[in-house]
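User: I would like to learn how to read the features of a protein model. Could you take me through one, a feature at a time?

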Amino acid sequence: MKKEIWIGTLLYTLSIVLLFGMLLNFLSRNGFDLKTYLIGSSILIFIATSLGFVLSSYMLSQKQKVDDNLLHLTKEILHELNIPLSTIQANTLMIKRTLQKNEKNLKRLTRIEDASLRLERLYTELVYSIKKEIHTIEKETFDLESLVRERVEVLEALNRNPFSLDLESCIVRVDKIGFEKMFDNILTNAMKYSDKEKEIKITLHNALLTIEDQGIGMDETELITIYERYYQLDNKSYGEGIGLALVKAYCDDEKIKISISSQKGKGTKVSLDI
């Protein structure tokens, strides 16, 4: 790709040099005055614009072919991934029906079921992320209160932290799947760095969404680097350390103002000004 860019730049530069030579020849033959200069310049601009359009169209068409091929290949791979996922879920459901009286095995199946649901969620997020890189994601209008309650209900099924909700209706127009990913990242961070018994408080008033935990918290030094990719507050915790970097990127794209306040040993509060 770099080679093609350099070749395109060189060809365009040479064409401009040639056009300037033609303009100089035109002016020398017809006398250098304002009228001939304007005529020659107009012709030069028209030809240069046409050449730039042709070169840009060619290079973008090649990129579009690469993107289309990548998207096609990705769809095939994701389709193949979806088949075993569906098989796991279907067979888990059937086995669960036959083990109604075996509590120990039912618990094991429940764990498998929860893991498959999490995998399904990751699958959906992967499809979204790939599409977002290649195409513009359409924005949706929805009630943020309903989305928050839905996502909290999903996480409550993990039987970990209790949640306290104080929400009011708030109609927004954003990339919905991206918002779900961003919100899930914040909630899972709050759960990851808090004791299981500690409550996570979520409020939504006047288009201000806040998530407040009672976890290990952060000091000022940690707050400065919290948005850096691959930064993890606790190396022992599960994750790749890119969650808050993605959260910040999404908020910047959607013009959502995010602020994080925290105290070591007392907890963290994330505020999203919608």
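Analyst: What follows goes from the overall layout to single residues. This is a predicted model, in which local features need pLDDT of at least 70, side-chain atom pairs count only at pLDDT 80 or more, and totals for chains, interfaces and linings use all residues. Residues are numbered from 1 along each chain as its sequence is written, and side-chain values use heavy atoms, with hydrogens and water left out.

User: What pLDDT does the chain average?

Analyst: pLDDT is the predictor's confidence in each residue, from 0 to 100. The chain averages 79, and 80% of the residues score at least 70. Over residues 235-241 pLDDT stays under 50. For that stretch the model has 14 contacts beyond four places in sequence, a contact being heavy atoms within 4.5 Å.

User: How many helices and strands does the chain have?

Analyst: Helices (H or I, at least four residues) and strands (E, at least two) are DSSP runs, numbered from the N terminus. The chain has 7 helices and 7 strands, and along the sequence they follow the pattern α-α-α-β-α-β-β-α-β-β-α-α-β-β. Among contacts with a separation of 6 or more, 66% come from residues 24 or more positions apart.

User: What percentage of the chain's residues count as buried?

Analyst: Buried means under 20% relative accessible area, exposed over 50%, and partly exposed in between (1.4 Å probe, protein chains only). Of the 274 residues of the chain, 32% count as buried.

User: Which residues of the largest nonpolar core touch the most other members?

Analyst: A nonpolar core is a set of buried Ala, Val, Leu, Ile, Met, Phe, Trp, Tyr and Cys residues joined through side-chain atoms within 4.5 Å. The largest core has 34 residues, of which Leu144, Phe179, Ile202 and Leu209 touch the most other members. Helix H5 (residues 176-192) gives the most to this core, with 7 residues. Apart from it lies another core, of 5 residues, including Leu19, Leu23, Leu44 and Ala48.

User: How many residues of H5 are buried?

Analyst: In H5, 12 of its 17 residues are buried. Among them are Phe179, Met182, Phe183, Ile186 and Leu187, but also Glu180, Lys181 and Asp184. To read helix length, take the expected span as 1.5 Å times one less than the number of residues. H5 reaches 24 Å from its first C-alpha to its last, close to the 24 Å expected. At its start, a side-chain oxygen of Asp175 reaches to within 3.5 Å of the backbone nitrogen of Ile177.

User: What counts as a polar contact?

Analyst: A polar contact is a pair of N or O atoms within 3.5 Å; within protein, one must be able to donate a hydrogen and the other to accept it, and residues adjacent in sequence count only if both atoms are side-chain atoms. Another case is Glu145, whose side chain reaches the backbone nitrogen of Ser169 at 3.4 Å. Glu145 lies in helix H4 (residues 144-156) and is buried, with a relative accessible area of 18%.

User: How is a pair of aromatic rings described?

Analyst: Such a pair is described by the distance of the centres and the angle of the planes. Rings of Phe, Tyr and Trp (its six-membered ring) pair if their centres lie within 6.5 Å; planes under 30 degrees apart count as stacked, over 60 as edge-to-face and the rest as tilted. A search of the whole structure finds 1 aromatic pair. The ring centres of Phe179 and Tyr250 are 6.2 Å apart and their planes stand at 80 degrees, so the pair is edge-to-face. Phe179 is in H5 and Tyr250 in helix H7, 71 residues apart. Both residues, Phe179 and Tyr250, are buried.

User: Is Asn206 buried or exposed?

Analyst: Asn206 is exposed, with a relative accessible area of 69%. It lies in the loop between strand S4 (200-205) and strand S5 (208-212). Its phi is positive, about 50 degrees, although Asn206 is not a glycine. Lys255 also has a positive phi, near 60 degrees, and is exposed at 71%. Lys255 sits in the loop between helix H7 (243-253) and strand S6 (257-263).
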